[in-house]
Amino acid sequence: MIRLNKVSKTYRTDKVETLALKDIDLQVARGEFVAMMGPSGCGKSTLLNLIGLLDRPGQGSIEIDGVAITRYRDRQLAKLRNQTFGFIFQSFHLIPDLRVIDNVELPLLYRSGSDGKSSERRRLAREALERVGLSARIDHYPNQLSGGQQQRVAIARAIVGQPQVLLADEPTGNLDSKMGAEVMDILLKLNAEGTTVVMVTHDEQEARRVNRIVRVFDGQLVTPERLHAA
Ligand SMILES: Nc1ncnc2c1ncn2[C@@H]1O[C@H](COP(=O)(O)OP(=O)(O)OP(=O)(O)O)[C@@H](O)[C@H]1O
Ligand SMILES: [Mg+2]
């Protein structure tokens, strides 16, 4: 459902040009759970942001369900992004002044269209929190939760709009191994229920639990051939 064709990305600052990704060919099929691995600075987050339409490639094309997004205007791109993807980050990005339930509802508020009823939003948020096992904490504030619980709130917020694809950038990076394993359990469960997942991780043990590992090195995908070469 996601296809990248010869995608490159260069970052330009005043003085420096960084070729962050070079000629990436990647396909992610519906229902897959892909772990993306590689050393710091190799381009994993850049690649995840391109897949999630948070950024545009310098060269190459990206297709979502067979439709190339190259000609999409920013607003069309944002709409497609909101319909298709849910995002989870290493540092949960919860809003400290909002209760758990309100944090989870937030993405629905940004959505235009007919699902604007507040009782419906509340129902969907409760349902999402139930799926991550946090029904008992909906009135807490983020700082009253453990790291693992906060990440589960962030997952609930990512899935409340029922995205087809979850993109997670080191979702267990700030968690100890027990809480990390709980978060992995939830991601695996969501995947088993049909959500496609692409996750950046540094943890080989986590990566071994998923369908497929994609390795990135110096802005390029490491094919199995290259792994065994030389
Ligand atoms: N906004 C930016 N402006 C300029 N250079 C950037 C920007 N974002 C990333 N880069 C550069 O692009 C390269 C890839 O960065 P990226 O964040 O994708 O790496 P990463 O694999 O996610 O690393 P990490 O494991 O440390 O998170 C790095 O060399 C980085 O310095
Ligand atoms: Mg990164």
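This is a predicted model: local features need pLDDT of at least 70, side-chain atom pairs count only at pLDDT 80 or more; totals for chains, interfaces and linings use all residues.
Local features need pLDDT of at least 70 and side-chain atom pairs count only at pLDDT 80 or more, whereas totals for chains, interfaces and linings use all residues. Residues are numbered from 1 along each chain as its sequence is written. Two cavities of 30 Å³ or more are counted, a cavity being a set of points, on a 1 Å grid over the protein atoms alone, where a 1.4 Å probe fits but cannot get out.

**Largest cavity**
- The largest cavity has a volume of about 60 Å³, volume being the space filled by probe spheres set on the points, which are joined across faces, edges and corners.
- Its lining, meaning residues with an atom within 4 Å of a point, consists of Leu 124, Glu 127, Ala 128, Arg 131, Ile 159, Val 160 and Gln 162.
- Helix H4 (residues 118–131) gives the most to this lining, with four residues; helices (H or I, at least four residues) and strands (E, at least two) are DSSP runs numbered from the N terminus.
- By class, the lining of the largest cavity holds four nonpolar, one polar and two charged residues, where Ala, Val, Leu, Ile, Met, Phe, Trp, Tyr, Cys and Pro count as nonpolar, Asp, Glu, Lys and Arg as charged, and the others, Gly among them, as polar.

**Second largest cavity**
- The second largest cavity holds about 40 Å³ of space and is lined by Leu 48, Asn 49, Leu 54, Phe 87, Ile 88, Phe 89, Leu 167 and Asp 169.
- Helix H1 (44–51), strand S6 (85–89) and strand S7 (165–169) each supply at least two residues of this lining, and S6 gives the most, with three.
- Six nonpolar residues, one polar and one charged make up the lining of the second largest cavity.

Methods. Chains are lettered from A and ligands numbered from 1 in the order in which they are written. Side-chain values use heavy atoms; hydrogens and water are left out. On a 1 Å grid over the protein atoms alone, a cavity is a set of points where a 1.4 Å probe fits but cannot get out, and a pocket is an open set with protein on both sides within 12 Å along at least five of seven lines; lining residues have an atom within 4 Å of a point.
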